[in-house]
Amino acid sequence: RPERSPDSIATKSPAEIECLREAARIANIGMAAARATIGAGVTELEVYGEMVCAMACAGGENPGITMPVLSGTKTNALHGLATRRKMQHGEMVLVDLSGVFKRYHINMARTFSIGEPSADVRDLTDRAARSMQIIKSILRPNLPVSEFNATVMNYFRQEGLWERRGWVGGYEMGIAFPPDWVGNFVVDPLSETNADRVFEPGTAQRLVVALALQQ
């Protein structure tokens, strides 16, 4: 890659973007395998094994972090390890994986419900999911990080979700090696780190909206 200034190191070349697109394709395959496997009586490790196998068969590589599959109250642990615990009807299941191609990572997390979720959980998740539409409406080249942070925080406070958050923010996606799968360009409404930057064209970020659903 040509030399770039420290302020532009998070931006990706067209070749890097293609690697990220392939990593995203692999991630989608892994998530589809996890969704197809989740069910009452199935262990977390069985789901983990199926998604790892599916991504490996699609050309995926080992990610920088072990990928969580967490059920029940363990969903609040975020980066806990999959175990022999059997999932139960009525529980939530968190799957957090990364598709990896030439060491470029695309991280994806989804929360599933075994059976219909309770009314309060459905309400929380629906309102949290709507934040992505708010974010989408402001996305543009050179969007100030400070504007992004303020928009996200204001929405969550207006919806009464701020105190239920696990973490809300974003982090850079790109080339990564253990022990992490994210880059240095992290955004957080509660931190001044990178608040004076903008999202340059070519920036690749994973946005996170995590709530404590089961207490």
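R127 is buried, with a relative accessible area of 15%, where buried means under 20% relative accessible area, exposed means over 50% and partly exposed lies in between, as computed with a 1.4 Å probe on protein chains only. This is a predicted model, in which local features need pLDDT of at least 70 and side-chain atom pairs count only at pLDDT 80 or more, while totals for chains, interfaces and linings use all residues. Residues are numbered from 1 along each chain as its sequence is written, and side-chain values use heavy atoms, with hydrogens and water left out. Helices (H or I, at least four residues) and strands (E, at least two) are DSSP runs that are numbered from the N terminus.

**Salt bridges**

- The structure holds 10 salt bridges, each being a side-chain nitrogen of Lys or Arg within 4 Å of a carboxyl oxygen of Asp or Glu.
- One of the salt bridges joins the side chains of E44 and K74, with an N to O distance of 2.6 Å. Because E44 lies in helix 2 (residues 44–57) and K74 in the loop between strand 1 (69–71) and strand 2 (92–101), this pair ties together parts that are 30 residues apart in sequence.
- In this pair, E44 is buried at a relative accessible area of 0%, whereas K74 is partly exposed at 22%.
- The side chains of E116 and R122 also meet in a salt bridge, at 2.5 Å from N to O; here E116 is exposed, with a relative accessible area of 64%, and R122 is partly exposed, with 38%.
- A further salt bridge, at 3.6 Å from N to O, connects the side chains of E159 and R127. This pair links distant parts of the chain, since E159 sits in the loop between helix 4 (145–158) and strand 5 (165–172) and R127 sits in helix 3 (residues 119–138), 32 residues apart.
- E159 is partly exposed, with a relative accessible area of 26%, and salt bridges that share partners join D123, R127 and E159 into one network.

**Helix 3**

- With 20 residues at 1.5 Å a residue, helix 3 should span 28 Å, and its end C-alpha atoms are 30 Å apart, which agrees; the expected span is 1.5 Å times one less than the number of residues.
- The buried residues of helix 3 are V121, L124, R127, A128, S131, I135 and I138. These residues cover an arc of only 140° around the axis, which puts them on the same side of helix 3; the arc is that of the directions from the helix axis to the C-beta atoms.
- The buried residues of helix 3 pack against strand 2, strand 4 (143–144), helix 4 and strand 8, where contact means heavy atoms within 4.5 Å.
- On the face of helix 3 that is turned away from its buried side, the exposed residues are A119, Q133, K136 and S137.

- Three strands form an open sheet in the order 6-5-8 with antiparallel pairing. Strand 6 (186–187) and strand 8 (205–211) stand at the edges with a single partner strand each, so one side of each is left without a neighbour in the sheet.
- Two strands pair if DSSP finds at least two bridges between them; strand 5 and strand 8 pair in the antiparallel sense over seven bridges, and Q205 in strand 8 is the bridge partner of E172.
- Strand 2 is mostly covered, with nine of its 10 residues buried.
- Strand 1 and strand 2 run antiparallel and are joined by three bridges, with V95 in strand 2 as the bridge partner of V69.
- Strand 2 is also joined, by 10 bridges, to strand 3 (residues 104–113), and the two run antiparallel; in strand 3, I106 is the bridge partner of G99.
- Strand 2 and strand 3 form a hairpin with two residues between them, and K102 in the turn has a positive phi of about 50°.

**Aromatic pairs**

- The structure holds four aromatic pairs. The rings of Y155 and F156 have centres 5.9 Å apart and planes at 80°, so this pair is edge-to-face.
- W167 and Y171 form an aromatic pair that is stacked, with 6.1 Å centre to centre and 5° between the planes.
- Rings of Phe, Tyr and Trp (its six-membered ring) pair if their centres lie within 6.5 Å, and planes under 30 degrees apart count as stacked, over 60 as edge-to-face and the rest as tilted.
- Y155 is buried at a relative accessible area of 10%, and F156 counts as buried at 0%.
- W167 is partly exposed, with a relative accessible area of 25%, whereas Y171 counts as buried at 12%.
- Ring pairs also link F148, F185 and F199 into a cluster.
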